[in-house]
Amino acid sequence: MLAIFKKGLVDPPQELNSPTSDKNRVKPKLPDEIIQHFQELHAIGNQPNPSLSVGFGNATFLAYYPSKQSLLQQRMFCGTDEMYCIFLGNLNNLSTLIKQYGLGKNTNEAMFVVEAYRTLRDRGPYPADQVLKDLDGSFGFVIYDRNAGSVFAALGADQRVQMFWGVAADGSAVISDNLDVIKTSCAKSFAPFPPGCMFHSEVGLKSYEHPRNKLKAMPRIDSEGVMCGANFKVDASSKINSMPRVGSEANWALSGP
């Protein structure tokens, strides 16, 4: 899968930029070049490209390559009411969650995640970290909310599904489950998306496993000895001061524990 979000819509953590990017021989690509590379990667001779892609002007591009392999490699796409989701992996307790949220029995993981996000966005009855903790399985997902102009992404804590994120040549955020695509797209300005964490374009990166702890950027050096984008780890010694939500933020459960 591939998701590209223009700078301004999503501002990735500054630490994702390689501190030696100006000196690196390999340079990040522009979004159009990244899209072309992804589509060529999944082309099969003269047959139609089996990947599905959706573009929203110059602001957002979403694409995924369907997989019929194991559940861990399962990829799904869902779009409803201007909310678009790419889901990776599977949820073991999907049937229970469907009943809990009052959804139809044919709801799949991508459809459920969109409805759970909608509930958080519109009503916020629970903190986002609690909702994500209730997901039993190996998963990762990216949601683009076109009407709200926001992005929400999360990755399961068991590390059986992987996502990577990085920074394109124009500062756009790039997210993919394909390490080679990320390396080609972002050069050294990328890192694994931290497991057990969530990212919202208005709030930033947080751990949903440890929502009251801050995240710490850890320098990362690759096999060539070059500084790359940083990893993010929970800082057990640093706590977030919880503030009561007021006004419009009271209904946005992602704004704090």
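A cavity here is a set of grid points where a 1.4 Å probe fits but cannot get out. The views below are taken from a predicted model.

**View 1. Cavities in the predicted model.** The structure holds two cavities of 30 Å³ or more.

**View 2. Lining of the largest cavity.** The residues around the largest cavity are F112, V113, A116, Y117, L120, V131, L132, L135, F141 and F152. Two elements, α3 (109-122) and α4 (128-133), each give two or more residues to this lining. Helix α3 supplies the largest share, five residues. By class, the lining consists of 10 nonpolar residues, with no polar and no charged ones.

**View 3. The six-stranded sheet.** An open sheet is built from six strands in the order β4-β5-β6-β7-β11-β12, with antiparallel pairing. Its edges are β4 (75-80) and β12 (204-207), each of which pairs on one side only. On average, neighbouring strands of the sheet are turned by 15° against each other, direction ignored. In general, the strands of a sheet pair through backbone hydrogen bonds, either parallel or antiparallel.

**View 4. Pairing of β4 with β5, and the helix on the sheet.** Strand β5 (residues 83-91) pairs with β4 in the antiparallel sense over six bridges. F77 has I86 in β5 as its bridge partner. Helix α3 packs on the sheet and touches β4, β5, β6 (137-145) and β7 (150-155). The direction of α3 makes about 120° with that of β5. This helix also gives five residues to the lining of the largest cavity.

Key: Residues numbered from 1 in each chain as written. Predicted model: local features only at pLDDT ≥ 70, side-chain atom pairs only at ≥ 80, totals over all residues. Heavy atoms only, no water. 1 Å grid on protein atoms, 1.4 Å probe; cavity = no way out; pocket = protein on both sides within 12 Å on 5 of 7 lines; lining within 4 Å. Points joined across faces, edges and corners; volume = space filled by probe spheres on them. Helix = DSSP H or I, 4+ residues; strand = E, 2+ residues; numbered from the N terminus. Nonpolar A, V, L, I, M, F, W, Y, C, P; charged D, E, K, R; others polar. Pairing = 2+ DSSP bridges. Axes fitted to C-alpha atoms, helices over the stretch in contact; angles between N-to-C directions. Contact = heavy atoms within 4.5 Å.
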